[in-house]
Amino acid sequence: MSQDLLFERRGAIAIITFNRPDAGNALGGTIHDDLIEAWMQVRDDPAILAAIVTGAGERHFCTGADVGRLNTDEGSNLQNLPIDRVVRMTAHQLKIWKPVICAVNGLVNGAGLHFVVDADIVVASRNAAFMDTHVSVGQVGAIENIGLTRRLPLGSALRMTLQGKSYRMPAERAYQLGLVDELVDTPADVLPMAIAIGEEIAKNSPNAVALSKEALWKSLDAGYTQSLELGWTLLRQQWNHPDFVEGPKAFIEKRAPVWNPDPNARRGD
């Protein structure tokens, strides 16, 4: 993994940091491969129970693709590939169901929005702002912008998409509209708040957390009745997991539960 993306562990929390502060933490070089490697570590390490994505410095979270490094032949190389072969930057895109917190410490632009709209919880400082400049550089705002429509009123998502570089949504407005879940005063407060939330999540059954996340996200792709049927299926999966017994037992015994992080574990194993 290059120094453009940092990966560290703090207890049960993985922290993934865009590390190009002098370039607005823009996505360039080997960043896409680095992100996949980082997410595979999150997925495969049973000791990691939640992940945080953030940016280095206090001015930018991620300003999207490095326009200076865009390959004009890239479109012809990629146009015949399905989306799941090309768009592979977030845990959601890679179908990883461990919880993800986005810690926004400054400006988010363009492809940086992927990590906001695909996060489970978004923490932002008051200096943060959100914008999309795809149309200002002749590109189509589509994938991450569709994600915006799941978190913002349609008009707000369209304004950000269609006005391009002339519009920045302030953090306070993003919080009012639901794009941001927790607003803190300064960039220095963002990561501690994200870690605190991640640590609280990590106290719960990892398997129950993952199945719960999967149920809610997949409900966005289906109708209400179909979503309930999926939820019922995932809920019953937990009945066969050791945590289904351990949780009530620990509660009765007034002790902290000892969770089994293996999603394939079964009661009686």
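Trainee: Which residues form the nonpolar patch on the surface?

Mentor: W232, L235, W239, F244 and V245 form it, with about 470 Å² of accessible area together. Patch members have over 30% relative accessible area and no salt bridge, and nonpolar side chains (Val, Leu, Ile, Met, Phe, Trp, Tyr) are joined within 5 Å. Areas come from the Shrake-Rupley method with a 1.4 Å probe, and a salt bridge is a side-chain nitrogen of Lys or Arg within 4 Å of a carboxyl oxygen of Asp or Glu.

Trainee: Which elements give two or more residues to the patch?

Mentor: Those are α10 (224-239) and α11 (242-252), and the largest share, three residues, comes from α10. Helices here are DSSP runs (H or I, at least four residues), numbered from the N terminus.

Trainee: And F244, what is its relative accessible area?

Mentor: F244, found in helix α11, has 37% and is partly exposed, because that term covers values between buried, under 20%, and exposed, over 50%.

Trainee: New topic: which residues of α8 are buried?

Mentor: They are P187, V190, L191, A194, I195, I197, G198, I201 and A202. These residues cover an arc of only 165 degrees around the axis, so they lie on the same side of α8; the arc is taken from the directions from the helix axis to the C-beta atoms.

Trainee: What do I need to know about the model itself?

Mentor: Because it is predicted, local features need pLDDT of at least 70, and side-chain atom pairs count only at pLDDT 80 or more, while totals for chains, interfaces and linings use all residues. Residues are numbered from 1 along each chain as its sequence is written, and side-chain values use heavy atoms, leaving out hydrogens and water.

How values were computed. Patches are made of residues with over 30% relative accessible area and no salt bridge: like charges are joined within 9 Å, nonpolar side chains (Val, Leu, Ile, Met, Phe, Trp, Tyr) within 5 Å. Buried means under 20% relative accessible area, exposed over 50%, partly exposed in between (1.4 Å probe, protein chains only).
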